[in-house]
Amino acid sequence: MDRVSKRRWKLALTALGTLVFTVLALNFRSPEKRVVQGVPHHHGVTDPPFEREMGTLMGPAILGGNRITALQNGDEIFPAMLSAIAGAQRSICFETYIYWSGRVGRDFTQALAERARAGVRVHVLLDWAGSGRIDDSTIDQLTGAGVQVERYHPLHWYTLARLNNRTHRKLLVVDGTVGFTGGVGIADDWQGHAQDPAHWRDMHFKVEGPTVADMQAAFQDNWLKTVGTVLNGEAYFPALHPVGTERAHLFVSSPSGGGESMRLMYLLSIAAARRSIDIHASYFIPDTLMSEALIAAKRRGVTIRVLLPDKHLDSDVVRVASKHAWGPLLKEGVEIHLYEPTMMHVKMLNFDGRLVSVGSTNFDMRSFELNDEASLNIYDDDFARRMTEMFVQDLARSTPFTYPMWLQRPWTQRVLEKIVRPLRSQL
């Protein structure tokens, strides 16, 4: 190879390396504006100023008149969702991270396709990465029946800079009158009733009442980004009347707008807690600011219980990264319990037995900074009491992890923690 050719190859490799580095840098970056300091404790979760802040600073107003039903595990969740789909008369809007081929996937595909053939407007938005295990034949069956299927941030040369931004939202809205959100994906792992390691523990929530409009707007947010068309009219936004007594609102976050809203909501709620914080977290990787907020709450006398998956966690890397953060919390008296029977995928926070936050958001930096998420906040003493009872039931199937146990973890564990620490935001 002559000198000119070598120079051309060198320039080409340099250009390629620069491109790869730039793409990685764009995907690893955090939002331009971040919460950089903790939130002081000014008032409690039950005080009117707290709800005013949550209803204005965080987004949609808190609306009364809702009926919210907690559904446990696949045996309750999937029949309820499929029944709502089967009863659709005008529209179905469905956004999810995981949609895999299998028995559950077939059930949903058949139900959605049947409604589309009946003339219902069916819109399905799948995350490109999360739906990677869906067969082409499933997509063909949906589109052949008239379902409009779109992928969120599919792999193209012009989407490389945002490839790391996934929609992790889990939203199903039927006729604009009933909605579902929570932690469940459309896959066989969620079947059953968490009876063994092959069947995951999770919760989903059925919403009826005025807050369903928030859920429809959340779906519209990403549908507009992906398709460029607006879904409006009575088929999507009918008049919604009170059907229950629970007060709630749903808000969204995305790196392209409102990327820090989830982190801020968590910080505001932790800062307002006076008695108790119960955390169901399938993935728990708090950053320094979040750990400091929990420690400050503990020093105020707040009882904090964190329930995490044990050996059945579906990511070894997440387990390593999570455990590194436990030490300072445990030292201050924060309780950590490990759920034994199966993978625990529940995402729920309960503050002072008054505010319950559920949805797709994990207690980690990826949810706070990189994913599109949706959280449903319910402000109701009775609902919070029922969720506390469910938390205690799961606690009975867990074992405590103590500070001495954390100190005694092997040196290999400590080394791995340091290796994965720079990657926390990606996990």
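Start by selecting Phe108: this residue is buried, with a relative accessible area of 0%. Here, buried means under 20% relative accessible area, exposed means over 50%, and partly exposed lies in between, using a 1.4 Å probe and protein chains only. Before you go on, know that this is a predicted model, where local features need pLDDT of at least 70, side-chain atom pairs count only at pLDDT 80 or more, and totals for chains, interfaces and linings use all residues. Residues are numbered from 1 along each chain as its sequence is written, and side-chain values use heavy atoms, with hydrogens and water left out.

**Stop 1: the whole view**

Zoom out for a moment. The protein has 14 helices and 17 strands; helices (H or I, at least four residues) and strands (E, at least two) are DSSP runs, numbered from the N terminus. Of the 427 residues in the protein, 56% are buried. Among contacts with a separation of 6 or more, 82% come from residues 24 or more positions apart; a contact means heavy atoms within 4.5 Å.

**Stop 2**

How many aromatic pairs does a search of the whole structure find? The search finds twelve. Rings of Phe, Tyr and Trp (its six-membered ring) pair if their centres lie within 6.5 Å; planes under 30 degrees apart count as stacked, over 60 as edge-to-face, and the rest as tilted.

Because Phe78 belongs to helix 3 (residues 73-86) and Phe108 to helix 4 (residues 103-117), the pair ties together parts that are 30 residues apart in sequence. Phe78 counts as buried, at 6% relative accessibility. Show Phe94 and Tyr99 too: ring pairs link Phe78, Phe94, Tyr99 and Phe108 into a cluster.

**Stop 3: charges over rings**

Select Trp100 and Arg133. The charged end of Arg133 sits over the Trp100 ring, 3.7 Å from its centre. The rule is that NZ of Lys or CZ of Arg is within 6 Å of the ring centre and within 35 degrees of the ring normal. Then jump to Trp406, where the charged end of Arg409 sits over the ring, 3.7 Å from its centre.

**Stop 4: along helix 4**

Colour helix 4. Its 15 residues should span 21 Å at 1.5 Å a residue, and the end C-alpha atoms are 21 Å apart, which agrees. The expected span is 1.5 Å times one less than the number of residues. Buried residues in helix 4 include Val104, Gly105, Phe108 and Leu112. What lies over the buried residues of helix 4? The cover includes helix 3, strand 2 (91-96), strand 3 (121-127) and helix 5 (136-144). Just after helix 4, click on Gly119, which takes a positive phi of about 100 degrees.

**Stop 5: strand 3 and its partners**

Select strand 3, where six of the seven residues are buried. Strand 2 and strand 3 pair in the parallel sense over six bridges; two strands pair if DSSP finds at least two bridges between them. One spot to look at is Cys93, whose bridge partner in strand 3 is His123. Strand 2, helix 4 and strand 3 make a right-handed β-α-β unit. Right-handed means that, with the strands pointing away from the viewer, the path from the first strand over the helix to the second runs clockwise.

On to strand 4 (residues 148-152), which runs parallel to strand 3 and is joined to it by five bridges. From strand 3 the chain crosses through helix 5 to strand 4, and this β-α-β crossover is right-handed.

**Stop 6: Leu125**

Leu125 is in strand 3 and stands opposite Glu150 in strand 4. Is Leu125 buried or exposed? At 0% relative accessibility, Leu125 counts as buried. Leaving out residues up to four places away in sequence, Leu125 touches residues including Phe94, Arg151, Trp223 and Thr226. Leu125 and Thr226 are 101 residues apart in sequence and 8.6 Å apart in space, C-alpha to C-alpha.

**Stop 7: two positive phi angles**

Most residues other than glycine have a negative phi. Select Ala194, which has a positive phi of about 60 degrees although it is not a glycine. Ala194 is in the loop between strand 6 (178-182) and strand 7 (203-208), and is buried, with a relative accessible area of 1%.

Finish at Asp352, in the loop between strand 13 (347-351) and strand 14 (355-359). The phi of Asp352 is near 55 degrees, a positive value in a residue other than glycine. Asp352 is buried, with a relative accessible area of 4%.
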